Each structure stands twice: as structure tokens, then as C-alpha cells.
Amino acid sequence: MNYSFVRARPIAEAVAGGKAGLALLIIGVGFAVPLQALGQAGSPQTTPTIGGGDAAAQGASPLVANSKWTAFGPIAYFVNRALYDASEEDLIVIGVDGEELRISSPESSADMLLTRTRLVKNFRGKPILVPYYLGSPITRIGGSLSREGSIEYAWYDSDKFESRDVMSLTTSGCLQWDHTLRSNTIPEKLKQRTFCPIAKNEVGAAAARHFARVKSKGQDVTTQKRDLTAAIDKAEQEAAERERLEERMRAERQSSGGGNGWLGGAIGAVVGAAVGSSHGGNTEAIASAALAGAQAGNPNSALLASAGSTFQNELAQGAVQRAQSDAFVDKVRAEAATVEREREQQREVQERERLRQQQNVASAVVDRERLASQQQKAAQTEATRQASARSEEQARLQNERQRVADQQAEAERRRVAEEERVLALRQAEQSLRSGFSGRATTCVGGGKDVLYLQSSRPGKSGCNVSFEARCPGTPSGAGIKFSQANYIGASCIGLGDIIRIGTMSCAADAVRIEMVSADCGSGG
């Protein structure tokens with residue numbers, strides 16, 4: 001039974017098809033394999049063996065390679081089969097998709113197959129392995145068959161990166177698949193699998209175990225896509241946060257500090273006291289001016305207004321109150337100086353922060369420009385490499401096409417030359433037969449009544465010829481037959497071949513001789 005890949009359809013529709021089992025769908029490539037079809041190649045459903053023998057007598061079906069896919073080595077034994085590595089809980093399905101094979105596994109869910117590898121042929125019929133990641137092809141790797149029947153796919157790049165896949169057939173009738181990965185920066189990693197055919201009724205359970213394994217390790221498609229999306233979102237959020245931080249810093253640099261109301265009052269008090277002193281006022285006058293200045297600096301301060309009224313009343317009481325006003329002025333002056341120092345310190349801190357932010361912004365700009373330059377150079381290098389690779393591939397293909405064309409032209413020339421040679425030989429053979437003239441005669445010393453052939457010199461020598469000699473009344477084909485290799489003509493006197501006819505029932509001059517065939521090398 002051939003259950004090649006068909007167009008995908010909903011699982012519910014496959015279930016409603018009237019047969020037991022679900023449908024395993026291949027996502028990302030648009031193909032599906034019905035679960036109930038898997039494992040039907042070979043009957044009964046048991047692990048196949050090589051060549052039959054005792055295992056065949058016990059119910060196992062012998063392995064037979066599918067002649068269409070022998071270019072892929074041992075894979076040809078497992079086309080349209082489900083295989084399982086029980087120790088690694090790894091399930092693969094090998095199915096036909098037109099002129100290529102697809103190896104798939106349940107990586108998205110227990111009932112959804114995702115393409116793992118494709119096996120194709122290039123225009124020269126060479127096997128090619130196409131590994132996949134998340135439903136998309138990664139590269140193309142050429143393969144070569146060994147004398148033992150195994151096949152190896154190897155790939156190298158300019159950075160000494162090496163990937164190697166070796167598939168072989170085990171003596172127990174299973175597929176051995178060894179995958180090796182190494183480079184100058186990572187140690188060698190070897191993944192070995194031994195896939196054995198399983199019965200149709202075991203496929204569902206094997207698929208469930210396979211998906212549970214990849215799910216627990218975070219290797220299923222959903223988890224990998226989620227992690228990839230989360231990494232992208234995190235990078236975008238970090239970029240947005242940096243933008244907001246830079247905007248806030250710019251806003252803070254543009255804003256200016258105003259101080260509290262008490263600061264304005266303090267400064268006003270100092271200015272008022274200085275004015276009172278410059279006009280030669282006494283202690284009372286100076287204090288009054290200070291309070292007036294404080295109120296002017298902060299007219300909304302009820303505390304200063306109350307203090308001013310109280311102070312005026314106390315001045316009237318005498319020298320004690322004047323001493324208290326002097327102390328108040330000194331205190332206001334000291335507080336004003338302290339505030340000014342604090343404002344100066346704040347300005348210095350703001351200036352240092354502004355310079356630091358400018359340096360950070362400049363450093364970030366330099367980093368972005370350097371990264372952009374590196375990315376641009378990398379893109380240019382990659383584009384140059386790809387262009388060179390395309391050019392080399394085109395040149396190789398052109399050379400290959402020219403070589404094939406030259407071979408075809410040479411083959412055609414040889415064919416035409418051979419046809420012309422054979423035609424010329426056949427024409428010579430026909431001319432030799434039609435131009436033959438001979439008679440029977442006796443030769444001295446040739447025996448009594450023994451006849452020999454006497455003929456003219458042929459137009460072409462060296463041919464293998466056959467003759468028939470008949471007496472009158474003898475039908476064609478019933479006479480005496482004789483032949484001569486490398487025929488150069490017949491004579492008894494040394495001017496040609498001495499060709500013996502034998503005795504006849506009629507006289508020599510009554511014998512009729514006919515050349516019935518001639519072969520000068522045409523093979524006909």
C-alpha cells in the first residue's frame with residue numbers, strides 16, 4: 001500500500017472518516033499522514049528482519065529495499081514506515097512526498113507531525129539531506145554511499161564547523177542514525193539513534209511518549225517559539241526603557257529649581273538688614289528693615305508677619321528686646337548663607353549629573369554606531385559570500401551542462417559514424433553477393449571427382465562468406481553448403497583461396513554455385 005503525503009485536513013475530519021485512529025498532521029509544510037496508515041507496509045505488523053530465515057518463520061517480515069529510493073541507502077528499506085527508538089523515546093515517520101522523502105516527528109503535539117528532515121536528489125541523482133528547524137529548512141548536505149550500504153552526509157564551512165550524519169542498516173533490521181556536530185569553539189557532540197519498525201497499533205503510544213519527552217525538555221515547537229518571542233519582547237522592552245530614561249533626564253536638565261517660601265523670606269531679611277545698616281541706622285532700625293525685607297521676600301508668610309508685629313512691640317520695652325532683635329538678625333543672616341551654600345552644592349551636583357548623562361548618551365551613540373557598522377560589514381561580507389557562492393554554483397552548473405552537452409555530442413558523433421560504417425559494410429556485403437561469379441572445377445592433386453570453387457577476384461577481400469552448390473533440379477537450400485573465412489577469391493593455382501566443394505551428382509560444368517551470405521564486419 002502506498003500512503004504518500006496528502007494535503008492537510010482538520011483532525012476532526014480525519015476522525016470522522018469512518019476508520020479508527022487520529023490523523024497525524026505535518027504543520028508548516030501543508031502535508032498529513034493518517035495515523036491508521038502508518039506501519040501498514042509489510043504484514044504481519046512485526047519488526048522486519050534481513051533476509052527472513054528463522055525470524056521470518058516466527059512471523060517477522062523480511063526487509064526488502066524499495067528500488068525507487070535505493071540512492072538513499074538504508075532508508076529504502078523503511079519507506080512509508082513508522083520507526084521508534086525505545087531507549088530515547090524518539091519516533092520518526094518516513095513518508096513519500098512526490099519525488100522526495102520526508103522524515104517527521106511529533107514535535108508540536110502528540111498528534112501533529114513536524115518535518116524533521118527531507119531527502120531529495122539533485123539534477124545528477126546525488127542524494128541530498130535537508131535538515132529542518134521549526135518547520136523551515138536550514139541547509140542542503142550532499143551524501144555518498146559506502147560499499148557496505150551505509151550513507152554519509154557531511155557538511156563543512158569556512159569556520160571549521162562540521163556536521164555529519166551516518167545512516168546504516170543493523171543486523172537486526174533497524175535503522176542506525178548517528179549525528180555528529182563539532183567546531184573549533186564547541187566540543188564534539190554525538191547523538192546516536194537506533195530506529196526499529198513498530199506495529200500500526202503502537203504508533204499512537206510511541207507518539208505520546210515522544211512528545212512528552214520533548215515537552216519535558218522544552219524542545220517542543222510551542223515552547224521554542226514562546227521562548228524566542230519572549231526574548232524578542234524583552235529586548236524591545238529594554239530598548240523602550242532606555243528611551244524613557246533618556247527623555248526623563250532631558251526634562252530634568254531643562255527644568256529649574258525655585259526654592260521654598262522661607263528661602264525667599266530669608267534672603268529678603270538679609271537684604272533689608274543690609275539696607276538699614278548702610279543708612280547708618282541703629283539696632284532697632286536694622287532689625288525693622290530685616291523683618292520688612294523678610295516679609296517682602298515672602299509676603300504670604302503669616303509667621304513672619306506675626307514675628308514682625310511682636311518684635312515691634314518688644315522694641316518699645318527697652319534694651320533687652322533690642323538684644324533679642326540683634327540675635328534674630330544674626331540668625332537670619334546665617335540661615336541665608338547656609339541656604340546659598342546648599343543651592344551652590346545642588347547646582348554642582350546637577351552639573352555633574354548633566355555631564356555624566358551627556359557622556360552616557362555619547363557612549364551609547366558610539367556603541368550603536370559601532371554595532372551598526374559591524375552589522376553592516378557582516379551583512380556586506382555575507383552578501384559577498386552568497387554572491388560568490390552563487391557565481392561559483394552557476395559556473396559549476398554551466399561547466400556541468402557543457403560537459404554533458406559535449407558528451408552527448410561525442411556520443412552522437414560516434415553513433416552516426418558507427419551507423420555510416422555499418423551501412424558501408426552492408427553495402428559492400430550486398431555488392432559482394434550480387435557481384436559473385438564462380439564455377440565448379442577439379443584441381444590437379446585434389447582427388448578424383450572432387451570439385452573446387454573457381455571464382456573471380458572479389459571487390460572486397462577479407463570477408464566471411466558462405467556458398468551453396470546445386471545440381472540442376474536441386475531446390476535452393478538443399479545443395480551442398482560450404483564457407484570461407486577472410487575470402488580473397490578462389491583458385492586452384494595459388495591466386496586465391498583453395499575452397500573445396502566436394503563430390504557432386506552432376507558434372508562440374510552443370511553445377512550452379514551461389515554466394516548465400518557475406519559478413520564484412522557489419523554483424524548482420
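# Chat: sheets and disulfides

Guide: Let's start with a sheet in this predicted model: strands E18, E17 and E20 make an open sheet in that order, with antiparallel pairing.

Visitor: Which strands stand at the edges there?

Guide: E18 and E20. Each has a single partner strand, so one side of each is left without a neighbour in the sheet.

Visitor: And what does the twist average from one strand to the next?

Guide: The average is 25°.

Visitor: Which residue stands opposite Ser-466?

Guide: That's Ser-517, in E20.

Visitor: OK, switching to the other sheet. What's the strand order with E15 in it?

Guide: The order is E15-E16-E19. This is an open sheet of 3 strands, and the pairing is antiparallel. E15 and E19 are its edge strands, each pairing on one side only.

Visitor: By how much are neighbouring strands of that sheet turned against each other?

Guide: On average by 35°, with direction ignored.

Visitor: How many bridges do E15 and E16 share?

Guide: There are 4 bridges between E15 and E16, antiparallel again. As for a residue pair, Ala-440 sits opposite Leu-453 of E16.

Visitor: Now the cysteines. How many disulfides does a search of the whole structure find?

Guide: The search turns up 4 disulfides.

Visitor: What's the pairing pattern if I number the bonded cysteines in sequence order?

Guide: For the protein chain, the pattern reads 1-2, 3-6, 4-8, 5-7.

Visitor: Let's go through some. What is the S to S distance for Cys-174 and Cys-196?

Guide: The sulfur atoms of Cys-174 and Cys-196 are 1.9 Å apart.

Visitor: Is that link right-handed or left-handed?

Guide: Right-handed, with 105° about the S-S bond.

Visitor: Which parts does the pair tie together?

Guide: Cys-174 is in the loop between strand E12 (162–169) and strand E13 (175–182), while Cys-196 belongs to strand E14 (residues 189–197).

Visitor: Is Cys-174 buried or exposed?

Guide: Buried: its relative accessibility is 3%, and the cut-off for buried is under 20%.

Visitor: What about Cys-443, where does its partner sit?

Guide: The partner, Cys-492, is in the loop between strand E18 (480–487) and strand E19 (500–502). Cys-443 is in the loop between strand E15 (438–441) and strand E16 (451–455). The two are 49 residues apart, so to speak distant parts of the chain that the pair links.

Visitor: How far apart are the sulfur atoms of Cys-443 and Cys-492?

Guide: They are 1.3 Å apart in the model.

Visitor: And are those two buried or partly exposed?

Guide: Cys-443 counts as buried at 12% relative accessibility, whereas Cys-492 is partly exposed with a relative accessible area of 26%.

Visitor: What's the story with Cys-471 and Cys-506?

Guide: A disulfide joins Cys-471 to Cys-506, with an S to S distance of 2.1 Å. The link is left-handed, at -85° about the S-S bond.

Visitor: Where do Cys-471 and Cys-506 lie?

Guide: Cys-471 is in the loop between strand E17 (463–470) and E18, and Cys-506 is in the loop between E19 and strand E20 (512–519). The pair therefore ties together parts 35 residues apart in sequence.

Visitor: Is Cys-471 buried or exposed?

Guide: Cys-471 counts as buried, at 9% relative accessibility.

Methods
Residues numbered from 1 in each chain as written. Predicted model: local features only at pLDDT ≥ 70, side-chain atom pairs only at ≥ 80, totals over all residues. Heavy atoms only, no water. Disulfide = S-S within 2.5 Å. Buried < 20%, exposed > 50% of the residue type's maximum accessible area, 1.4 Å probe, protein only. Pairing = 2+ DSSP bridges. Axes fitted to C-alpha atoms, helices over the stretch in contact; angles between N-to-C directions.
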